[in-house]
Amino acid sequence: MAQITKDMTFGELLSKYYDTCPKIVDVLIEAGMGCIGCPHSQMESIEEGAMGHGIDPDLLIAKLNATLQASQE
C-alpha cells in the first residue's frame with residue numbers, strides 16, 4: 001500500500017498521488033494550507049509546511065493517508 005510520509009515534499013505528494021486521489025488537495029485546503037500553488041511546495045517537506053502553519057504534522061499525515069487509503073478501496 002502507498003504511504004505518505006512527513007519527509008515528502010508537497011510537490012512529491014501531488015505528483016505521486018493527485019491523479020489517483022485528488023481529494024488529498026481537499027485535506028490540505030481544509031487544514032488551511034494553500035500548498036498547491038506555493039513555490040515552496042517543491043522544496044518544503046510536509047512536516048516543515050505543517051509546522052510553519054501551526055498544524056500537527058502527524059495529524060495531517062494521518063488524514064492524508066486515510067484519504068489515500070479510502071480512494072484505493
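## Val 27 in helix H2

Val 27 sits in helix H2 (helices are DSSP runs of H or I with at least four residues, strands are runs of E with at least two, and both are numbered from the N terminus). At 12% relative accessibility, Val 27 counts as buried; that word means under 20% relative accessible area, while exposed means over 50% and partly exposed is in between, using a 1.4 Å probe and protein chains only. Keep in mind that this is a predicted model, where local features need pLDDT of at least 70, side-chain atom pairs count only at pLDDT 80 or more, and totals for chains, interfaces and linings use all residues. Residues are numbered from 1 along each chain as its sequence is written, and side-chain values use heavy atoms, with hydrogens and water left out.

So who does Val 27 meet? Leaving aside neighbours within four places in sequence, Val 27 is in contact (heavy atoms within 4.5 Å) with Leu 60, Lys 63, Leu 64 and Thr 67. Val 27 and Ile 61 are 34 residues apart in sequence, and their C-alpha atoms are 9.9 Å apart in space.

## Helix H4

H4 covers residues 57-72, which makes 16 residues; at 1.5 Å a residue they should span 22 Å, and the end C-alpha atoms are 23 Å apart, which agrees. The expected span here is 1.5 Å times one less than the number of residues.

Pro 57, Leu 60, Ile 61, Leu 64, Asn 65, Thr 67 and Leu 68 are the buried residues of H4. Look down the helix axis and they fall within an arc of 160°, so they line one face of H4 (the arc is that of the directions from the axis to the C-beta atoms). Their cover includes H1, H2 and helix H3 (46-52).

## H1 against H2

The axes of H1 (residues 10-17) and H2 (residues 23-30) come within 10 Å and cross at roughly 150°. Axes are lines fitted to C-alpha atoms, for helices over the stretch in contact, and angles run from 0 to 180 degrees between N-to-C directions. H1 and H2 are therefore roughly antiparallel (over 145 degrees; under 35 is roughly parallel, 65 to 115 roughly perpendicular, and the rest oblique). On the H1 side, the contact uses Phe 10, Leu 13, Leu 14 and Tyr 17, and on the H2 side Ile 24, Val 25 and Leu 28.

Thr 9 is in the segment before H1, and Thr 9 is buried, with a relative accessible area of 13%.
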